[in-house]
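Here is a quick tour of a two-chain model, written for someone who likes to know the cut-offs. Have a look at it first, then read on.

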Number of protein chains: 2
Amino acid sequence: MTEQARRRPTLVDLADAAGCSTSLASIVMRGAPGASEATRRRVMAAAERIGYRPDQRARSLRRSTSGLIGVAYHVSEPFHADLVEGLYEVEAPSGDDFDLVLGAVVPGRGVEQTIEPLLRQRCEAIILIGTMLPVARLRRIREETPLVLVARRVRAAGIDVVRTDDHDGQRLAIEHLIGLGHRSIAYVDGGQHPGAATRRRSYRDTMAAHGLGDRVRVVAGGNTEEEGIRATRRLLEGDERPTAIAAFNDRAATGVLTMLIRAGLRVPEDVSVIGFDDARIARTTIVPLTTVRQDTALMARVARERAAGLARQRFVAGEQVLVPELTVRQSTGPVPRS
Amino acid sequence: MTEQARRRPTLVDLADAAGCSTSLASIVMRGAPGASEATRRRVMAAAERIGYRPDQRARSLRRSTSGLIGVAYHVSEPFHADLVEGLYEVEAPSGDDFDLVLGAVVPGRGVEQTIEPLLRQRCEAIILIGTMLPVARLRRIREETPLVLVARRVRAAGIDVVRTDDHDGQRLAIEHLIGLGHRSIAYVDGGQHPGAATRRRSYRDTMAAHGLGDRVRVVAGGNTEEEGIRATRRLLEGDERPTAIAAFNDRAATGVLTMLIRAGLRVPEDVSVIGFDDARIARTTIVPLTTVRQDTALMARVARERAAGLARQRFVAGEQVLVPELTVRQSTGPVPRS
DNA sequence: AATGCTGGGTCGACACCTCGA
DNA sequence: CTCGAGGTGTCGACCCAGCAT
């Protein structure tokens, strides 16, 4: 039909089709003031007719600011997915016309490689969800662009943090168990994952605060169902079976539940289980999971506001600590009489 | 320190710092032939020193091709997350130096809104994972850029499809149950989700082919644990309890398992359960799930190859159908003697 | 004075061409 | 003729100054 492969229409083509200058076409396409209502309709109609679509690359290049916020997150982590959903659902506050650019962290592709493209696109701020990059590396990224860390605690000048109070949250969980009469409470650890160190410490602190320092029992775990299962198997092989198990997060807790029930134990009659996060799965586990709620929608909103504000230099980096809340479902109960 | 906010270094700054022309600096930065080894080292050192980072927007604008493949997927769908991981893990075939751009589909933000930014970035192909856009809309997108549909069947000229044979897969599942002696096999449906219609039909066809046409029983379900739970509750309220339940996917099957066990039934002694997908969770459900395997790594690789090939016009759109495989675990067993 | 509109310069990198050993 | 190097125009849209009413 056409004598060569059809070139995508540009602003010049649009201007031709609408019979006006490119400047005016540009004004209409970006909804800027300075065009009459009649012209606006004419240009929009022409755009529709010729299939014009603004080139984001040229637009972003020409503008002084890219209008982008980068988000690095682990694709296969449901908790991260919840946060990303939250980021999109935030009603863009007036004046915050940032778009989000996702950077996927996947096995074999480190956070570094994920962030590189975000920087090359000149994101004006980067939200890092639960990544364990060394502080030195964070600092260097911070030199190039504002950084908001979500769900990870870091004490470093210039780096913004949005997190739930892990220490307090884990305390709520352990005290809930203690309140139910439990003394033999084991802890399935989260290893190197964000928040794990703080939650582990809180478990220890809380046990000690209630005179149970000598009952502390931490087993290696992780942030997946598999690791929860393995940790529980190890616990059950031991001499003394705990009457309650607290896990680093809900996925691990789900594994704990699974293993206990596979082993023929009843929850919560024989063993109580408590998680952390109040992830979506917590409602549909075999026994609905008692857990500590992190408000992902709120975290997402705060993170986005912080990122936008930092990008526009409306405030300086700081730390936003959100309050966790105990959500009691059915996986915890009174200590069994033995 | 500096008299104004520090401007990001550009190629010009780099050329100054390295004492060469911008052309030469450009050649070095993109690893093109035409620079001596000595120059290369000098420029790279200068880049490191002044913190130069190529501007992706300018680069992409100037090149004739953007070098991007867009990927639209549902953030909170674990099966999609697996596919996205797979897309990144593909060893980029030589010559395929495409980068991936993610477009997140989240509640309240339709596929349309997800795709728009991908088109504005001039992606050279778009991979759509399991979305239910009407065919007419798909065709219109296809006019702008090559389209690869993953895990959804569509008969439309010009649209590339990569999918597992849902009909055959569901047949494997049902025949596995029939082979174990089951006659009363219920089906938890997937509603409007991709593949659901085909799998439902396959359930019906397979039952009929084995003389069980009058035992067909489809209950409304969905693609989540919640919906699996609700569907099963409805099934259990009925008069005749099925001896086996097949579900649209593993998440729904997990809900089925959960509800059965909450109701005090044993799996597979009282009721067998079979899923679809072989998602990650299938191994860690309360009873390891028998299911039909979709090879996400392979689907991802094929999808990426197709997308790259279509972008470069190396081949025309077609349909790639992958073979499903039964994975027997422990949630299925012989029909109980009554 | 305010509104509607136009033209030229520019964002940053690369493609292409030229030139000197 | 090959190889390393430099200069210039361009990708597409937007900003700004300026010109008409």
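## Overall build of chain A

Of the 338 residues in chain A, 46% are buried, meaning that 20 or more other C-beta atoms, placed from the backbone, lie within 10 Å of the residue's own. Bear in mind that this is a predicted model, where local features need pLDDT of at least 70, side-chain atom pairs count only at pLDDT 80 or more, and totals for chains, interfaces and linings use all residues. As for labels, residues are numbered from 1 along each chain as its sequence is written, while chains are lettered from A and ligands numbered from 1 in the order in which they are written.

Chain A has twelve helices and twelve strands; these are DSSP runs numbered from the N terminus, with helices being H or I of at least four residues and strands E of at least two. The radius of gyration of chain A is 26 Å, well over the 20 Å from the globule rule for 338 residues, so the chain is more spread out than a compact globule. That radius is taken over C-alpha atoms, and the rule is 2.2 Å times the number of residues to the power 0.38. Along the principal axes, the C-alpha atoms of chain A fill a box of roughly 90 × 45 × 35 Å.

## The annotated stretch

UniProt, in an unreviewed entry, lists residues 9–63 of chain A as "domain: HTH lacI-type"; such annotations may be inferred rather than shown by experiment. In the model, residues 9–63 of chain A are 67% helix and 0% strand, and their end C-alpha atoms are 21 Å apart.

Contact here means C-beta atoms, placed from the backbone, within 7 Å. By that count, 37 residues of chain A touch 38 residues of chain B. H5(A) gives the largest share of chain A's side, seven residues. Sorted by class, that side has 17 nonpolar, eight polar and twelve charged residues. Asp, Glu, Lys and Arg count as charged, Ala, Val, Leu, Ile, Met, Phe, Trp, Tyr, Cys and Pro as nonpolar, and the others, Gly among them, as polar.

## A sheet in chain B

Over in chain B, four strands form an open sheet in the order S7-S6-S8-S9, with parallel pairing; strands pair if DSSP finds at least two bridges between them. Strand S7 (217–219) and strand S9 (272–274) of chain B are the edges, each pairing on one side only.

Strand S6 (residues 185–188) of chain B pairs with S7(B) in the parallel sense over three bridges. Tyr187(B) stands opposite Val218(B) in S7(B).

Note on methods:
A residue is buried if 20 or more other C-beta atoms lie within 10 Å of its own, exposed if 12 or fewer, and partly exposed in between; C-beta atoms are placed from the backbone. Two residues are in contact if their C-beta atoms, placed from the backbone, lie within 7 Å.
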